[in-house]
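The following paragraphs lead through a model of two protein chains, from the whole chain to single residues. Please keep the sequence and the structure in view while reading.

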Amino acid sequence: MDKVYPSVDEAVADIPDGASIAIAGFFTAGTPVPLIRALVRQGAKDLTVICMQMGPGNEDINHLVANKQVKKAICNYPFYRSASRGASSPTEMAVRAGELEMEVFPMGTFIEKLRAAGAGIAAFYTPTGVGTVVETGKEKRKFGDREYLLEEALKPDYAFVYAYKSDRMGNLVCHKTARNYTPEMAAAGKITIAAVESIVEPGQLDGDAVHVPGVYVQRVVKVDRPAYFPSID
Amino acid sequence: MCADKKLKGLSRELMALRVANELEDGSYVNLGIGIPTLVSDWIEGRDIILQAEVGMLNTGPLATQDRVEQDLINASCQPVTELPGSCYFSECESFAMIRGGYMDTAVLGALQVSEKGDLAGWQNPERGLPEDIGNIGGSMDLAVGARKVIVAMMHVTNEGEPKIRTECTYPLTASGVVTLIVTDLAVISVTPRGLVLEEVAPGVTAEDVQSVTEPRLIISQDLAEIRL
């Protein structure tokens with residue numbers, strides 16, 4: 001089984017208008033920047049993007065918004081901390097202008113929704129968000145003496161993830177804090193595309209050290225490590 | 001409610017030191033963005049394990065320029081270092097351990113805290129964004145998941161308005177979770193009887209603190225200068 005694609009452009013070529021795409025990465029760490037850039041070149045429209053942030057630590061996602069490709073964003077930490085920097089960011093301007101729909105979830109709920117989708121679970125109860133705006137429109141139920149909110153699974157059409165190393169079968173090895181959203185997003189995506197720094201032959205990875213089993217990954221493409229500099233202000 | 005004079009309290013660094021003194025040896029601790037992050041400067045050599053939401057236990061000090069690794073950051077996106085015994089895991093597991101009750105203490109910043117221990121910290125309505133969106137990040141999970149929630153914040157806003165309120169007027173992060181408030185002026189514990197003023201900054205009186213605090217404070221019988 002060989003899942004290697006020759007280029008990022010070929011790996012994203014079939015993404016249709018209206019697709020939903022989960023994009024891994026915690027600010028700078030583990031963001032599959034070359035896939036996002038390829039998607040900007042590819043030009044699919046009316047997309048729903050599911051990712052932690054819409055600019056902080058990762059300007060590239062803003063290019064998708066500036067390019068009018070995004071209809072909706074589902075996030076947990078979308079904006080720059082600084083109000084003045086945010087005011088000039090394409091995402092925040094589009095939200096204020098009513099041109100970009102946005103849904104925000106607590107970080108733990110956000111990733112659990114993706115985990116559930118990948119694990120065949122329809123919904124789950126979490127104590128996070130009770131008594132806040134997050135509970136609006138959701139079922140609230142008491143278990144024991146504590147209240148919980150019902151949150152539904154979130155299943156994207158595609159997932160863009162990042163790995164330090166993989167084999168041709170799609171087994172992924174992540175590196176330090178760049179692992180973050182990759183394992184659960186990979187399992188959640190109907191088609192998962194992994195941007196990988198180094199691709200080896202089957203047998204060359206230590207099976208005990210694999211973070212994402214290849215069954216979750218449909219496409220692997222070699223990329224050069226993108227250079228970025230941390231800043232979320 | 002604004003005080004006539006601007007009270008001079010502790011620096012952010014000394015507030016962080018006061019919070020560090022509150023942490024117990026042998027505990028797992030998560031530090032939020034802002035003043036809480038500075039607490040890490042005061043626990044070197046102590047038996048305290050820092051968790052970073054991004055997916056790391058035993059997060060080390062900030063990385064110096066020559067040791068920056070792109071794949072090694074804390075939850076504030078700052079390059080950090082490893083310590084002996086550091087380990088990594090996914091975001092999902094990171095929040096499983098947070099909600100699962102494995103964090104002994106979370107130190108969070110706040111925009112407002114109520115006298116019942118309600119915490120408002122994720123959205124400042126003055127920024128003018130729609131009321132249901134903003135940077136929630138990991139704050140709501142930490143606020144409900146950690147066994148103890150300490151807030152570290154300035155006592156008043158830049159405009160001099162009290163941040164300790166009878167009721168929070170900003171969107172809540174969680175209700176009834178804060179047990180201790182450390183500010184530049186005071187240390188206040190949240191109790192079923194109300195807010196108890198435990199410690200004051202040097203040169204600051206209980207009356208001074210009350211003048212910039214909306215709810216009535218109960219003055220501890222053991223009121224002391226902040227223990228640094």
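In chain A, 77% of the contacts between residues at least 6 apart in sequence join residues at least 24 apart; two residues are in contact if their C-beta atoms, placed from the backbone, lie within 7 Å. The model is predicted, and local features need pLDDT of at least 70, side-chain atom pairs count only at pLDDT 80 or more, and totals for chains, interfaces and linings use all residues. Residues are numbered from 1 along each chain as its sequence is written, while chains are lettered from A and ligands numbered from 1 in the order in which they are written.

Chain A contains seven helices and twelve strands, where helices (H or I, at least four residues) and strands (E, at least two) are DSSP runs, numbered from the N terminus. Its C-alpha atoms fill a box of roughly 50 × 45 × 30 Å along the principal axes. Of the 233 residues in chain A, 52% are buried. A residue is buried if 20 or more other C-beta atoms lie within 10 Å of its own, exposed if 12 or fewer, and partly exposed in between.

In chain B, ten strands form an open sheet of mixed pairing, in the order β4-β3-β2-β1-β5-β8-β10-β11-β12-β13; two strands pair if DSSP finds at least two bridges between them. At the edges of this sheet stand β4 (80-88) and β13 (218-225) of chain B, each with a single partner strand, so one side of each has no neighbour in the sheet. Neighbouring strands are turned by 30° against each other on average, direction ignored; axes are lines fitted to C-alpha atoms, for helices over the stretch in contact, and angles run from 0 to 180 degrees between N-to-C directions.

Within the sheet, β5 (residues 105-108) and β8 (residues 148-152) of chain B run parallel and are joined by four bridges. B:Val107 has B:Ile150 in β8(B) as its bridge partner. Helix α1 (residues 12-22) of chain B packs on the sheet, touching β5, β8, β10 (178-182) and β11 (186-191) of chain B, and its direction makes about 165° with that of β8(B). The buried residues of α1(B), among them B:Met15, B:Leu17 and B:Val19, pack against β5, β8, β10 and β11 of chain B.

The contact between the chains takes 40 residues from chain A and 36 residues from chain B. On the side of chain A that touches chain B, α6(A) supplies the largest share, five residues.

The largest nonpolar core has 140 residues; such a core is a set of buried Ala, Val, Leu, Ile, Met, Phe, Trp, Tyr and Cys residues joined through C-beta atoms within 7 Å. A:Val49 is one of the residues with the most contacts inside this core, and A:Val49 touches residues including A:Ile21, A:Ile61 and A:Val70.

Two residues deserve a separate look for their backbone. Most residues other than glycine have a negative phi. A:Lys68, in the loop between α3 (60-66) and β4 (70-75) of chain A, has a positive phi near 60°, and A:Lys68 counts as partly exposed because it has 14 C-beta neighbours inside 10 Å. B:Cys77, in the loop between β3 (56-62) and β4 of chain B, has a positive phi near 70° and is buried, with 20 other C-beta atoms within 10 Å.

Terms used: Lists of a residue's contacts leave out its neighbours within four places in sequence.
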